[in-house]
Amino acid sequence: MISPWDRSQSTGCCLCCHVRTGTIILGIWYMLINGVVLLILLTSLGDPDQFHLTSAELANDLDVMDDANMCIATAISLLMILICGMATYGAYKQHAAWIIPFFCYQVFDFALNVMVAVSVVVYPNTIQEYLQELPGNFPYKEEFMSMNSACLMLIVLLFIGCILGFKAYLISCVWNCYRYVRRRSTTEVLVYVTTNDTTVLLPPYEEAVAIPPKHPPPPYPGA
């Protein structure tokens, strides 16, 4: 028997829809984002003069390192598209194992954001250093630079906290989808006890309906 709490956790809604639908939408959304990033990276590799920095202070070895970073980012984008595609396929076809890589990526991304929040608390001066490295035409740069350090740190922590809360909600959605698919594929088995105390395991209803009958039913005799 499944408790009502576990059932609500397994089939709970995500964005006013089922967890399977929410996971499929989330996987497609991540694939679109990484597809756009991959397109930009491939375009930058095809036309380096358009995207590379033209500052005279950059040396040639830094340009080569930039090309290497572009290749690494392209490989990461391809891997992310593959992982998101696996999650989408696993949620659609109800294969629980295909959702695990995407769930692990979400947990890893959440852990990185937690480390960023901890670094902001431990080293609050990094916020000012990051603002100084921004371009001069960045919106509201001067306003942020003139703010108090404690107030600026509080704003950054609130912003990171909202991001962490949203990411935790998405992680719970994918995890509930995994639990739902796994439970659906492993517990849809009927048990029938015969008169001579032998136990017979019957297949799920969908598989039983799909099995063709071995012998046709006998004809109905007329009255």
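In what follows, a residue is called buried when its relative accessible area is under 20%, exposed when that area is over 50%, and partly exposed in between, as judged with a 1.4 Å probe and the protein chains only. The structure is a predicted model, in which local features need pLDDT of at least 70 and side-chain atom pairs count only at pLDDT 80 or more, whereas totals for chains, interfaces and linings use all residues. Residues are numbered from 1 along each chain as its sequence is written, and side-chain values use heavy atoms, with hydrogens and water left out.

The protein chain contains nine helices and two strands, where helices (H or I, at least four residues) and strands (E, at least two) are DSSP runs numbered from the N terminus. Read from the N terminus, the order of these elements is α-α-α-α-α-α-α-α-β-β-α. Of the 223 residues in the protein chain, 25% are buried. Contact is taken to mean heavy atoms within 4.5 Å, and among contacts in the protein chain between residues at least 6 apart in sequence, 66% join residues at least 24 apart.

The aromatic residues were examined next. Two rings of Phe, Tyr or Trp (for Trp, its six-membered ring) form a pair if their centres lie within 6.5 Å, and the pair counts as stacked when the planes are under 30 degrees apart, as edge-to-face when they are over 60 degrees apart, and as tilted otherwise. Six aromatic pairs are found in the structure. In one of them, the ring centres of Tyr89 and Trp98 are 4.9 Å apart and the planes stand at 55 degrees, so this pair is tilted. Both partners are partly exposed, Tyr89 with a relative accessible area of 38% and Trp98 with one of 37%. Phe102 and Tyr105 form another tilted pair, with 6.2 Å from centre to centre and 40 degrees between the planes. These two residues belong to helix α5 (residues 100–122), where they are three residues apart, about one turn of the helix. In general, an α-helix has 3.6 residues a turn, so residues three or four places apart point the same way. Phe102 counts as buried because its relative accessibility is 0%, while Tyr105, at 23%, counts as partly exposed. Together with Tyr30, Phe102 and Tyr105 make up one aromatic cluster.

Tyr105 also takes part in a contact with Met80, which, leaving aside its neighbours within four places in sequence, touches Asn34 and Tyr105. Met80 is located in helix α4 (residues 60–93) and is buried, with a relative accessible area of 9%. Asn34, in turn, is found in helix α2 (residues 19–46) and is buried at 13% relative accessibility. When residues up to four places away in sequence are not counted, Asn34 is in contact with Ser77, Met80, Ile81 and Cys84. In the loop between α4 and α5 lies Gln94, a residue other than glycine whose phi has a positive value near 60 degrees. Most residues other than glycine have a negative phi. Gln94 is partly exposed, with a relative accessible area of 24%.

Helix α6 (residues 125–133) has Ile127, Gln128 and Leu131 as buried residues. These cover an arc of only 95 degrees around the axis, which puts them on the same side of α6; the arc is that of the directions from the helix axis to the C-beta atoms. Asn125, Tyr130, Gln132 and Glu133 are exposed on the other side of α6.

Grid points are joined across faces, edges and corners, and a volume is the space filled by probe spheres set on the points. One cavity of 30 Å³ or more is present in the whole structure. The largest cavity has a volume of about 50 Å³, and its lining consists of Tyr30, Tyr105, Gln106, Asp109, Lys167, Leu170 and Ile171. The largest pocket holds about 360 Å³ of space and is lined by 13 residues, of which Ile127, Tyr130, Leu131, Leu152 and Val156 lie nearest its centre. Two or more residues of this pocket lining come from each of α5, α6 and α8.

Notes
1 Å grid on protein atoms, 1.4 Å probe; cavity = no way out; pocket = protein on both sides within 12 Å on 5 of 7 lines; lining within 4 Å.
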